[in-house]
Amino acid sequence: MIQTLRNRPGWWLFAAAIIVTAAVYASGLSGGWLFDDFPNIVDNPGIQIQHFDVSDLSRAALSSPSSKFKRPLASLTFALNYLGSGFDPFWWKVTNVAIHLLNGLLVFLLARMLLRLGLPAIRRAGIARHEGIDGGRCPPYAKGIDERHVGIVAVLIAGGWMLLPINLTAVLYVVQRMESMANVFVLLGLIGYVAGRMRMRDPARHRGWAFVLCIVSLTVPTALGATAKETAVMLPLYAFLIEWVLFRFQAGPAASDETKSKRDWLVIGLFVVILLLPLIVGLVWLLPSTFSPGTWARRDFTLGTRLLSEARIVIDYIVWTIFPTPDPLSFYHDGYVVSQGLLTPWTTLPCIILIAALLALAVWLRKRAPLASLGLLLFFGCLSLTSTILPLELIYEHRNYFASFGLMLAVIPLLAALPGKLSASTSDTRSGLPLALPRYVLLVGLLLLWIVQTSITAYAWGDSLRLAQALAARAPDSPRAQYSLGRTYIVYSHYDPDSIFTKAAYAPLERAAALPHSSILPEQALIFMNSRMHKPIKPAWWDSMIAKLKSRDPGVQ
């Protein structure tokens, strides 16, 4: 037993990663409710069940106002949290952290499988280049990772992913349990699909049952995950990308020349049924409303300006994921400048070109560095739902919950590649990646950066006032952030005219009212607050509110 554990250092490291992640998030468990928590949880009587019976649970399951599909599974867990602990946010957030740690385990298991699949192709390409075939140099992955170190690299991927600051809102923002729960099923489905495909290509295993496993893994988790959040419908696309990069629709192992060109028509047919046909049906259903001007009437962007803006936002997501700083991860992004043209702002066109270049690079790396290729494609594949034609708000960090796994898969194996041998027949001690020390320093530096940034933000989330102050400081141009700070001061003041919180509320509310494109909510809060405390109401507040209502249609707020 002891010898077995010694041969699996990845499990020890993963246990350490779980402990570190739990410790980092611990300071954020005492915080309160925020933003969409109120309509979905606090102000939603449907989840406030009194008994564990069919009637109460059925009402709770269909109570969500956030989607026409109701997301019943997520709502049921909210109801169970309420039944167990009322509206104490602590236990709701503990549940979210537990789901996040479960996802971390699934990411670890999936990463191990993908690394083992990617290594043979990498090693063959590396040996060919190392021996002068193709006249090229050995690609970085080929010289860096040995299968003995798969567990270590996999836990670095999973640990890094669990600690990423960009994933914090999917954990401590209670309502986004919808996102993290949906990804439990996505990750389970991918693990099952990869396992099924590996068995289909193994002559010693029953091919029919393996194919059944593939079907079940792509259909059942998709259906269950969609009851938590609709993003689970992306599971078949992720499986398709894994198939295209690593399995290549082949009936047998890639190492076999005889079966290399033989296509597996069962697998191809499977994706026609579960991916291509639903995609066509979905587009036929969505496109009429997407091109309807009324769909965008309540937004401050159109379909065209949304697509232009998302090009910049997707590149921002990459930077915020790998090199996070506090200000961009501000939760409120309503101050983000919408792109009005290819050069307005000027960064729009370069970002479009960069996205095209990264996609081309992913295709080019498919045979040379399949893990990097797959990671990039999973990142862009994930955002193809929320960053394209749907009339959603432009930016949310939690949309990267799965996408960030793709970036970890692309980046960490390169940085964590350990010196090893290209094959058992060579003893070339120079086979490790060049510049090993700088790579390791960069990897350690990134891990420390993620830990520190997530710890700082989690600490802010541990108190409602502290969070409102931090988010307002991070996003000074966000009307929502400034309004939220003023509103929090009002809540803390208990409408006491002599409270220090009452005096503090005016500045952020008036600042929010003066910002471009702000709603009438700040003026409304100022008028209500002074009216309730029998204090004079400034005419400028009424004038500002009336001017906004005259100048533009009311928005989503």
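Buried means under 20% relative accessible area, exposed over 50% and partly exposed in between, with a 1.4 Å probe and protein chains only. The model is predicted: local features need pLDDT of at least 70, side-chain atom pairs count only at pLDDT 80 or more, and totals for chains, interfaces and linings use all residues. Residues are numbered from 1 along each chain as its sequence is written, and side-chain values use heavy atoms, with hydrogens and water left out.

**Exercise 1.** Find which residue forms a salt bridge with Glu-243, and state whether Glu-243 is buried or exposed.

Solution. 
1. A salt bridge is a side-chain nitrogen of Lys or Arg within 4 Å of a carboxyl oxygen of Asp or Glu.
2. Arg-197 pairs with Glu-243, their closest N and O atoms being 2.7 Å apart.
3. Glu-243 lies in helix 12 and Arg-197 in helix 10, 46 residues apart; helices are DSSP runs (H or I, at least four residues), numbered from the N terminus.
4. Glu-243 has 0% relative accessibility and therefore counts as buried.
5. Arg-197 is also buried, with a relative accessible area of 0%.

**Exercise 2.** Locate the partners of the salt bridge between Arg-71 and Glu-230.

Solution. 
1. The N to O distance is 2.9 Å.
2. Arg-71 is in the loop between helix 4 (54-61) and helix 5 (72-85), and Glu-230 in the loop between helix 11 (207-226) and helix 12 (235-247), so the pair ties together parts 159 residues apart in sequence.
3. Arg-71 and Glu-230 are both buried.

Definitions and conventions. Helices (H or I, at least four residues) and strands (E, at least two) are DSSP runs, numbered from the N terminus.
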